[in-house]
Amino acid sequence: MSATPIHTLDEPVAVPRQRTLSLFDPLLGLAALGLLACSLITLKGATRTAMPGQPLYYVERQAIYAAIGIAVAVLLARIDYSRLREYKFGMYALLIALNIVVFAMPVVRGAHRWIPLPFLQVQSSEFGKVLLIAALGAFAVDRARRLHERRTTARIMLLALVPALIVIPQPDLGTGLVYVAVGFTILFFAGTSWKQLTALVAMFAASVTLVLAGAPALGVHVLKPYQVQRLTGFLNPSHDPRNQTYNITESLIAIGSGQKTGRGVAHATQTSLHFLPENQTDFVFAVVGETYGFVGAALVLSLYALMIWRALRILTIAKNLFGTLIAGGILAMLMFQVFVNVGMTIGIMPITGVPLPLMSYGGSSVLVTFIALGLLQSIYIQARIATAMKGRALIS
């Protein structure tokens, strides 16, 4: 008989593909599918009269995007995420290129955000989120021994600021803020000192003050008037329909009228009579509040809490620093979007156009969220495999 080779723990070991399905995190999958179901039910009631003769127009497309996203997530989960480190320069270059090329695309609803394809308009800034997370995680790991240096902190934060400054003029302020939040969070989980993180927060606060108050006082307007009004209007909502804060007012009316169990699809007047703008995208949570009340809103928020808890759990069990940083970046992306989107519908956050993950209608947003969840599943699976192999030799 020939000798049987023995592999060390540092060597990659092939795992049968049929076994990977049994290693998935079921609670993370449950949260994602639950939110998807809530999205389809909410969109069915909110958009049934939006397209004459096509009451399921948005529902069908959301379901198609979700099916593609789930397939991509399953594929990513079967791949070792550690391989992405090899492509960090390519991912970052693609991130920059995608966000620049949109400026040559046709204007849609007053913005350069989408790349038109035969069956889908791709919002490049959305796909840039996962590209940035993976690229920054890889760059941080490469400088793991020098993370205490201010130069490292400045470089990683600059790598996040560059694409943010590209997407903001599209205009897409919300995604730009997501990029900044991702960069800061990756630095946090990489172990950057509190002194440097505090300095970054102070610089960010100073920059916001300069843009909103200092520069306009000197006659320099970095943001357009409607953008400034969206950022500050939640502090003093107006009932003037010509004011950007009209959206907040209608959203508060919708959520308040839902009370405990909601008004139902037939009696949700703010939604059905189209007083509530963008009810299938930015203000979908307000639709949930009006139609299904506190019970429906609590269910949705509970599913997000479950998803965020599982992301935190996966972050702590990742087999290496790269996995921890990717999970941390995805956690930041999800938490920031949920907090800002829900916050703007209840009047405690500015309107920035940030979608609610898996709830808001949109192909790019749904696909990107499932890609992120697929990466989380990959980190979880690789962690379970590494744990199972720990402490014993593996015989092929």
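Which backbone oxygen lies 3.1 Å from a polar atom of the side chain of Asn341? I started my notes with that one, and I found the backbone oxygen of Asp282. For a polar contact I took a pair of N or O atoms within 3.5 Å; within protein, one must be able to donate a hydrogen and the other to accept it, and residues adjacent in sequence count only if both atoms are side-chain atoms.

**Ground rules.** I am working on a predicted model, where local features need pLDDT of at least 70 and side-chain atom pairs count only at pLDDT 80 or more, while totals for chains, interfaces and linings use all residues. Residues are numbered from 1 along each chain as its sequence is written, and side-chain values use heavy atoms, with hydrogens and water left out.

**Whole chain.** I counted 15 helices and four strands; these are DSSP runs numbered from the N terminus, helices being H or I of at least four residues and strands E of at least two. Of the 396 residues, 49% count as buried (under 20% relative accessible area, with exposed over 50% and partly exposed in between; 1.4 Å probe, protein chains only). I also looked at contacts (heavy atoms within 4.5 Å) between residues at least 6 apart in sequence: 71% of them join residues at least 24 apart.

**Back to Asn341.** I placed Asn341 in helix H14, residues 321-345. Asn341 counts as buried because its relative accessibility is 0%. Leaving out residues up to four places away in sequence, I see Asn341 touching Asp282, Phe285, Val354, Pro355, Leu356 and Ser360.

**Arg310.** Arg310 is in helix H13, residues 284-317. Again leaving out residues up to four places away, Arg310 touches Asp25, Leu27, Leu28 and Tyr380.

**Gly29.** I found Gly29 in helix H2, residues 26-46, and at 25% relative accessibility it counts as partly exposed. Its C-alpha atom is separated by 9.6 Å from that of Gly374, 345 residues apart along the chain.

**H4 against H6.** Helix H4 (residues 88-101) and helix H6 (residues 150-167) pack at about 15 degrees, with axes 9 Å apart. H4 and H6 are therefore roughly parallel (angles under 35 degrees; over 145 is roughly antiparallel, 65 to 115 roughly perpendicular, the rest oblique). I noted Tyr92, Leu95, Ile96, Asn99 and Ile100 on the H4 side, and Leu159, Val162, Pro163, Ile166 and Val167 on the H6 side. These contact residues divide into nine nonpolar, one polar and no charged.

Key
Axes fitted to C-alpha atoms, helices over the stretch in contact; angles between N-to-C directions. Nonpolar A, V, L, I, M, F, W, Y, C, P; charged D, E, K, R; others polar.
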